[in-house]
Amino acid sequence: MKIVCQKLFENVDDAATKLIETMPIERLKRLPTVIVAINPQAIAITKKIAKVTNSEDDILLSVSIDAPYNPDLAIARVSETKDIVMQKELVESFDIKEDFIYNQATRKYDEQIIPLIYKYRKGESIISFAHKYVVLVDCGAETGLTVMVAAKSAINLGAKNIYLALPVIPKDLHIGLSSIIDEIFTPFAVDDYIKTKFYYKNLEEL
């Protein structure tokens, strides 16, 4: 479906409703399923999916690692399980050393991720993913870094299958992620994706 930039959702509640319509709810009810927000903005969507599927829910935290001297350019991302995913093309084109990324990941973990773990889970570890069907949830996706680092963490945490549930996703990213995600649920795959917030009339910043 080719869609120009337009408001697809009133808010996250509307996005959750449209997203749930695309999901195999009865199948997820029968499986040991965990619904996981990979962005704090997606917590409300996650809660709604967890309620209709009778599933556990949690949040998997990660932060971006930016290019030197360019805080607007994300070149990698590190998760709370200390997994790292890099944008190889950017790293190589800007001749950024991997040592820089690993050092930044350590600093970001200490300065940003640990406080977020206390904020969202009072310092507790994420719930077990072992042998479970994990549904990763966000409000949308742009570069795919957040999805990829979350998927990497879920694999390392022992997930049996990894699903992705997004109200809107770039069509090329949908194709690219199909090789690492078992199944993707979305009502809208967009050709010329801009920024996630542009597809919502009201997307509150958290």
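Modeller: A residue is buried under 20% relative accessible area, exposed over 50% and partly exposed in between (1.4 Å probe, protein chains only). This is a predicted model, so local features need pLDDT of at least 70 and side-chain atom pairs 80 or more, while totals for chains, interfaces and linings use all residues. Residues are numbered from 1 along each chain as its sequence is written, and side-chain values use heavy atoms, leaving out hydrogens and water.

Colleague: OK, is K122 buried or exposed?

Modeller: K122 sits in the loop between α5 and β6, where helices (H or I, at least four residues) and strands (E, at least two) are DSSP runs numbered from the N terminus. Its relative accessibility is 72%, so K122 counts as exposed.

Colleague: Is E80 buried or exposed?

Modeller: E80 is also in the loop between β4 and β5. It touches (heavy atoms within 4.5 Å) residues including I59, L60, L61, Y109 and I113, leaving out those up to four places away in sequence. Its relative accessible area is 9%, so E80 is buried.

Colleague: Where is the kink in helix α5 centred?

Modeller: The buried residues of α5 include I101, Q104, A105, K108 and Y109, and among what covers them are β2 (56-59), β3 (62-67) and α4 (88-93). The bend at a residue is the angle between axes fitted to the seven residues ending there and the seven starting there. In α5 (residues 98-121) there's a kink of about 45°, and it is centred on Y109.

Colleague: How many Å away is the nearest side chain of opposite charge to D138?

Modeller: D138 is in the loop between β6 (133-137) and α6 (145-156), and its contacts beyond four places in sequence include I38, N39, T146 and P167. Lys and Arg count as positive, Asp and Glu as negative, with His and the chain ends not counted; a salt bridge needs a side-chain nitrogen of Lys or Arg within 4 Å of a carboxyl oxygen of Asp or Glu. D138 is buried but has no salt bridge. Its nearest side chain of opposite charge is R77, at 7.3 Å.
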